[in-house]
Amino acid sequence: MTSQTTSGSTSSQRPGAGAGPDLPLVEALDAVKKFGDFTAVDHVSLDVKPGEIVGLLGANGAGKTTLIKMLLGLSVPTSGAVAMFGQAPSRDTRRDLGYVPQGLGLWEDMTVKENTDFAAASFGKGKPLPASLEPSANRLVGEIGLGLQRQLAFHIALSHEPRILILDEPTSGVDPLSRARLWDAVHEQAESGTGVLVTTHYMQEAQQCDRLVLMSAGKKVTAGTEADIIGDTTACEVDTTDWAAAFDALDAAGLPVTLAGRTVRLADTPPQPIHQALDAAGITATIRQVPATLEEKMTSIDRAIRH
Ligand SMILES: Nc1ncnc2c1ncn2[C@@H]1O[C@H](COP(=O)(O)OP(=O)(O)OP(=O)(O)O)[C@@H](O)[C@H]1O
């Protein structure tokens, strides 16, 4: 890694000067961020290479946004290093960055067109509004719906053709159709070589990423492809005519039972305690061991850490 921490001396490299196909566009190496005695990010390493979509997952407060702010150069690591295009993040490196923060970062008292014009002037290039935003061009951003606001923030983030796109929960509060469209656009970007780092709470979105990094309480707790993360973890599916009674009995026994439709499932639990709880409640059922889903694996990792 050729970077310095954001507080370090300047690099002789220009943004992207050494960025070959496999060199990271953004990178954190053993990054730590403390707020007083509280450690929000605890020795986390992560990178995003051209053309890949990396999903950053974790419950509220896991440290995702704090890590992103360090990668962007908006917050200085307490220790460790962060780099963008092989050098310390700066105003210069941010020219090749598209960033949609959780709060969207739009000027609400300016019109849609004024927002895009302002961004185009700042970056020295821009793109015309897409057809879906054109009818709202002269409306104040504060007066259009959240879905259109998100589309606008995404359009602005892509207008200067960034080499890295960082999206902090880009689809929260967005309807399923708009979410699917946004993900189409994310894939299109990645196929053209842009690296994408995206935080999300939605497992269906996590499954669209090439690699995943899961954070919990500031730490990176697992990373890899969906298959790497699930590994050989299994879940038990309970086949019974009375799924509601089975659910209640397993829940009362303190087992980690969930419902997928009407299918009763228990992740990371051997069949024996399930049989015992069902027998005790007088419920006849067949138990099948099946591969765990990504969500079940994530939940079980998180539960193990918290206990
Ligand atoms: N400036 C700050 N001062 C003190 N604590 C902070 C500060 N910024 C973040 N934190 C704390 O650091 C922890 C991580 O916050 P962060 O926003 O990075 O989590 P997150 O994973 O992005 O969560 P969410 O999904 O809710 O956005 C939280 O406990 C938060 O309260």
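Guide: Handedness first: a crossing is right-handed if the near helix is turned clockwise from the far one by less than a right angle, and left-handed if anticlockwise. This is a predicted model, where local features need pLDDT of at least 70 and side-chain atom pairs pLDDT 80 or more, while totals for chains, interfaces and linings use all residues. Residue numbers start from 1 along each chain as its sequence is written.

α8 and α9 cross in the right-handed sense. On the α8 side, Ala246, Ala249 and Leu250 make the contact, and on the α9 side Ile274, Ala277 and Leu278; contact here is C-beta atoms, placed from the backbone, within 7 Å. By class, that contact has six nonpolar residues, no polar and no charged (nonpolar is Ala, Val, Leu, Ile, Met, Phe, Trp, Tyr, Cys and Pro; charged is Asp, Glu, Lys and Arg; polar is the others, including Gly).

The crossing of α3 and α4 is right-handed. From α3, Val112, Asn115, Thr116, Ala119 and Ala120 meet Leu152, Ile156 and Ser159 of α4. The contact of α3 with α4 has five nonpolar, three polar and no charged residues.

On to the sheets. An open, mixed sheet of six strands runs in the order β5-β6-β7-β3-β8-β9, where pairing takes at least two DSSP bridges between two strands. β5 (97–100) and β9 (219–224) are at its edges with a single partner strand each, so one side of each has no neighbour in the sheet. Inside it, β6 (residues 164–168) and β7 (residues 195–199) pair in parallel over five bridges, and leucine 167 stands opposite valine 198 in β7.

Two helices to check on this sheet: α1 (residues 64–72) touches β3 (53–57), β5, β6, β7 and β8 (211–216), at about 150 degrees to the direction of β6. α4 (residues 146–159) touches β5 and β6, and its direction makes about 170 degrees with that of β5.

There is also an open antiparallel sheet of three strands, ordered β2-β1-β4. β2 (38–48) and β4 (79–84) are the edge strands, each with a single partner, so one side of each is left without a neighbour in the sheet. Here the twist averages 25 degrees from one strand to the next. β1 (residues 26–35) pairs with β4 in the antiparallel sense over five bridges, and alanine 81 in β4 is the bridge partner of leucine 29. α1 turns up again, packing on this sheet by touching β1, β2 and β4, at about 120 degrees to the direction of β1.

Zooming out, the domain assignment (automatic or from a database) gives domain 1 (26–228) and domain 2 (234–291). Their C-alpha centres lie 39 Å apart.

Technical notes. Helix = DSSP H or I, 4+ residues; strand = E, 2+ residues; numbered from the N terminus. Axes fitted to C-alpha atoms, helices over the stretch in contact; angles between N-to-C directions.
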